[in-house]
Amino acid sequence: MTTFVIATHNRNKVKEFGRILAPLNIEGKTMPLGEVEETGTTFAENAFLKADAACRQTGMPAVADDSGLMVEALNGAPGVYSARYAGENATDADRIKKLLSNLKDVPEEKRAAKFVCAICCVFPDGKRIEAQGECHGTIAFAPRGNGGFGYDPVFLLDGKTFGELDPREKDRVSHRGRALALFAEKLHKEKENDHADK
Ligand code: IMP
């Protein structure tokens, strides 16, 4: 079992990380971590900033994700600003309300969107493993379902919103599920190479 610090304050993400990584023989630990300013202009840059800060703070390998929703009709917004889309102290419901209001005149066939998740893992020796996952869907006209978090109730895939999916069903197709699976694959390859070098 390999152990990593999970560099996030988002409890929903911690749950998803744990669920997805455990079967891959990777254990995620949470620790009290300082806030990191997400000053990057890409998901990958922000994921690195968070993982690097957590690794420096704990001296342990740390893994972070930066993720968000990109809507075609809004030229990729809210993108890296997904968490801050409706201001600093807004709720998921506020963000969904703003999104639906900005899309109110956009017809069904033009409501394409994707979730993106960039994973970055930083080791104390400075080594990095990066992986990215995407999930393509559309934005519903009204929220549906109580599952998941964030924009899940308005993200439609094959007739169901992510809010209506069972957690494991979401993991199988989600941006985070895909990115973490790719991360695990890269990590295991890296370990095999390390053993081969010794
Ligand atoms: P950050 O990665 O912590 O900067 O925040 C990403 C934001 O994007 C979250 O607060 C959510 O609003 C949104 N987001 C990221 N992943 C998901 C997801 O799996 N479902 C719904 N919303 C998500």
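Student: Which exposed residues sit on the face of α3 turned away from its buried side?
Tutor: That face carries A93 and K97. Exposed means over 50% relative accessible area, buried under 20%, and partly exposed in between (1.4 Å probe, protein chains only). Helices (H or I, at least four residues) and strands (E, at least two) are DSSP runs, numbered from the N terminus. This is a predicted model, where local features need pLDDT of at least 70, side-chain atom pairs count only at pLDDT 80 or more, and totals for chains, interfaces and linings use all residues. Residues are numbered from 1 along each chain as its sequence is written, and side-chain values use heavy atoms, leaving out hydrogens and water.

Student: Which residues of α3 are buried?
Tutor: In α3, residues 92–102, they are R95, I96, L99 and L100.

Student: How do you know that they are on the same side of α3?
Tutor: They cover an arc of only 130 degrees around the axis, so they are on the same side of α3. The arc is that of the directions from the helix axis to the C-beta atoms. An α-helix has 3.6 residues a turn, so residues three or four places apart point the same way.

Student: What covers the buried residues of α3?
Tutor: The cover includes β3 (62–71) and β5 (128–139). Contact here means heavy atoms within 4.5 Å.

Student: How many aromatic pairs does the structure hold?
Tutor: It holds 5. Rings of Phe, Tyr and Trp (its six-membered ring) pair if their centres lie within 6.5 Å; planes under 30 degrees apart count as stacked, over 60 as edge-to-face and the rest as tilted.

Student: Why is the pair of F4 and F123 called edge-to-face?
Tutor: Their centres are 5.9 Å apart and their planes are at 75 degrees, so the pair is edge-to-face. F4 is in strand β1 (residues 2–6) and F123 in the loop between β4 (112–122) and β5, 119 residues apart.

Student: What makes F123 count as buried?
Tutor: Its relative accessibility is 14%, and the cut-off is under 20%. F4 is buried too, at 1%.

Student: Why is the pair of F115 and F162 called stacked?
Tutor: Their planes are at 20 degrees and their centres 5.8 Å apart, so the pair is stacked. F115 lies in strand β4 and F162 in the loop between β7 (160–161) and α4 (167–173), so the pair ties together parts 47 residues apart in sequence.

Student: How do you know that K98 lies over the face of Y85?
Tutor: K98 is 4.6 Å from the ring centre. A charge sits over a ring if NZ of Lys or CZ of Arg is within 6 Å of the ring centre and within 35 degrees of the ring normal. R128 lies over the face of F48, at 3.8 Å from the ring centre.
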